[in-house]
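The following exercises are to be worked through with the sequence and the coordinates at hand. Each task is followed by a solution in steps.

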Amino acid sequence: MTTKALQQKTNELEKELALLRSFVIGQFGRDPEGEYNPNFVKEILKAAKGKPKYEFKDADSFLKHIRGK
């Protein structure tokens, strides 16, 4: 195969991969109540991989944090 043919094949595979990613995100973004915004799904999945900022020991500390006290 020539370099040009390999590049064409690579471009085709990249397009197919993008379509598959879109499909997967669309499937995970569904729920019985409706559909989620794909950007929301991406943001949540990214946040789930990150390190947590807070650690709650009990319900009181959780409530204080979300109430801003």
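**Exercise 1.** How many aromatic pairs does the count come to?

*Solution.* The model is a predicted one. Rings of Phe, Tyr and Trp are paired if their centres lie within 6.5 Å. By this rule the count comes to 1 aromatic pair. The partners are phenylalanine 56 and phenylalanine 62, whose ring centres are 5.2 Å apart. Planes over 60 degrees apart count as edge-to-face. The two ring planes stand at 90°, so the pair is edge-to-face.

**Exercise 2.** Which residues form a nonpolar patch on the surface?

*Solution.* Residues of a patch must have over 30% relative accessible area and no salt bridge. The nonpolar patch consists of Tyr54, Phe56, Phe62, Leu63 and Ile66. Together these residues have about 480 Å² of accessible area.

**Exercise 3.** Describe helix α3 and its two ends.

*Solution.* Begin with the cover: among the 9 residues of α3 the count of buried residues is 0, and the helix is hardly covered. At the start of α3, a side-chain oxygen of aspartate 58 comes to within 3.3 Å of the backbone nitrogen of aspartate 60. Just after α3, glycine 68 adopts a positive phi of about 80°.

**Exercise 4.** How many salt bridges does the structure hold?

*Solution.* The cut-off is 4 Å between a side-chain nitrogen of Lys or Arg and a carboxyl oxygen of Asp or Glu. The structure holds 1 salt bridge. Its side chains are those of lysine 57 and glutamate 55, with an N to O distance of 3.4 Å. Both lysine 57 and glutamate 55 are exposed.

**Exercise 5.** Does helix α2 lie largely in the open or largely covered, and what is its span?

*Solution.* Helix α2 takes in residues 38–49, which is 12 residues. The distance from its first C-alpha to its last is 17 Å, close to the 16 Å expected at 1.5 Å a residue. The number of buried residues in α2 is 1 of 12, so the helix lies largely in the open.

Methods:
Residues numbered from 1 in each chain as written. Predicted model: local features only at pLDDT ≥ 70, side-chain atom pairs only at ≥ 80, totals over all residues. Heavy atoms only, no water. Patch = residues over 30% accessible without salt bridge, like charges linked within 9 Å, V, L, I, M, F, W, Y side chains within 5 Å. Areas by Shrake-Rupley, 256 points an atom, 1.4 Å probe, with all protein chains shown as cover. Buried < 20%, exposed > 50% of the residue type's maximum accessible area, 1.4 Å probe, protein only. Phe/Tyr/Trp six-rings, centres within 6.5 Å; stacked < 30°, edge-to-face > 60°. Helix = DSSP H or I, 4+ residues; strand = E, 2+ residues; numbered from the N terminus. Polar contact = N/O pair within 3.5 Å; in protein donor to acceptor, adjacent residues only side chain to side chain. Expected span 1.5 Å × (residues − 1).
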